[in-house]
Amino acid sequence: MKVLLLKDAKEGDSGQDPYIQELGLHGLEATLIPVLSFEFLSLPSLSEKLSQPEGFGGLIFTSPRAVEAVKLCLERDGKTEVSKLGLHAEGEHSGNAEKLAEYICSRESSALPLLFPCGAIKGDVLPSKLKDKGIPMESMNVYQTIPHPRIQADLESYYSKQGVPASITFFSPSGLKYSLEYIQELSGDSFDQIKFIAIGPTTTRALAAKGLPVSCTADSPTPQALAAGIRKVLQPNSCC
């Protein structure tokens, strides 16, 4: 059974994308199509702030792109480790702004602001939670999301060779925004037969806002959770 994942490929320990590998174990033939690209913003300003760590109480990461932006600044300035700037990892709460805010609030407070490098499109849960607790934070847009330059061509190629997929998994609201029009056009009358899967609650809300039925939301943004969810939707009578 053919399923489509709207994300870029990442190599796992086996040299294969972990999502492709996990879905294959469940008898699902998955194809990845990247729908997003990124461009960095304000890196000179970010470098300046990173060179003055004494002015901040900590550094918050909520996306790999923000980490990459800081890494680029460190490499450009001849540094290779965040710890060299006096910034040390304290905790990880991936994909959950509520839990991250709770964690930050539970730590010893500092009068210094937290530096939050982020994307141009960001949620307001974390900033509002910290503001309510009186914790200062300085947000800085260091990247923005743009459509992948080959999104239309790659989708057209997929549909011409593979046909309409049994399910499509969206990994972000932006991915949905940039791909939906092409998917509707290419799917034609078969559009309503596609099972729409979301990698998390934020993407689920974006699908619902478009009036699209969400067949499944992954319990967590992992290959195992996504595979289990898709399997329940497409193979409801199979053994778990």
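Helix H1 passes helix H9 in a right-handed crossing; right-handed here means that the near helix is turned clockwise from the far one by less than a right angle, left-handed anticlockwise. H1 covers residues 18-25 and H9 residues 223-234, and their axes come within 9 Å and cross at roughly 40 degrees. H1 and H9 are therefore oblique to each other (under 35 degrees counts as roughly parallel, over 145 as roughly antiparallel, 65 to 115 as roughly perpendicular, and the rest as oblique). On the H1 side the contact is made by Pro18, Tyr19, Glu22 and Leu23, and on the H9 side by Pro223, Gln224, Leu226, Ala227 and Ile230. Contact means heavy atoms within 4.5 Å. Axes are lines fitted to C-alpha atoms, for helices over the stretch in contact, with angles from 0 to 180 degrees between N-to-C directions. Helices (H or I, at least four residues) and strands (E, at least two) are DSSP runs numbered from the N terminus.

All of this comes from a predicted model, where local features need pLDDT of at least 70 and side-chain atom pairs count only at pLDDT 80 or more, while totals for chains, interfaces and linings use all residues. Residues are numbered from 1 along each chain as its sequence is written, and side-chain values use heavy atoms, leaving out hydrogens and water.

Now for the sheet. Four strands form an open sheet in the order S3-S6-S5-S4, with mixed pairing (strands pair if DSSP finds at least two bridges between them). Strands S3 (36-40) and S4 (58-59) stand at the edges with a single partner strand each, so one side of each has no neighbour in the sheet. S4 pairs with S5 (residues 114-119) in the parallel sense over two bridges, and Gly58 has Leu114 of S5 as its bridge partner. Helix H2 (residues 43-50) packs on the sheet, touching S3, S4, S5 and S6 (137-147), and its direction makes about 150 degrees with that of S6.

The largest nonpolar core has 21 residues, of which Leu6, Ile168, Phe170 and Ile183 touch the most other members. A nonpolar core is a set of buried Ala, Val, Leu, Ile, Met, Phe, Trp, Tyr and Cys residues joined through side-chain atoms within 4.5 Å. Apart from this core lies another, of 16 residues, among them Val3, Leu28, Leu226 and Ala227.

Thr169 sits in strand S7 and is buried, with a relative accessible area of 0% (buried is under 20%, exposed over 50%, partly exposed in between; 1.4 Å probe, protein chains only). Not counting residues up to four places away in sequence, Thr169 touches Leu4, Leu5, Leu6, Ile197, Leu226 and Ile230.
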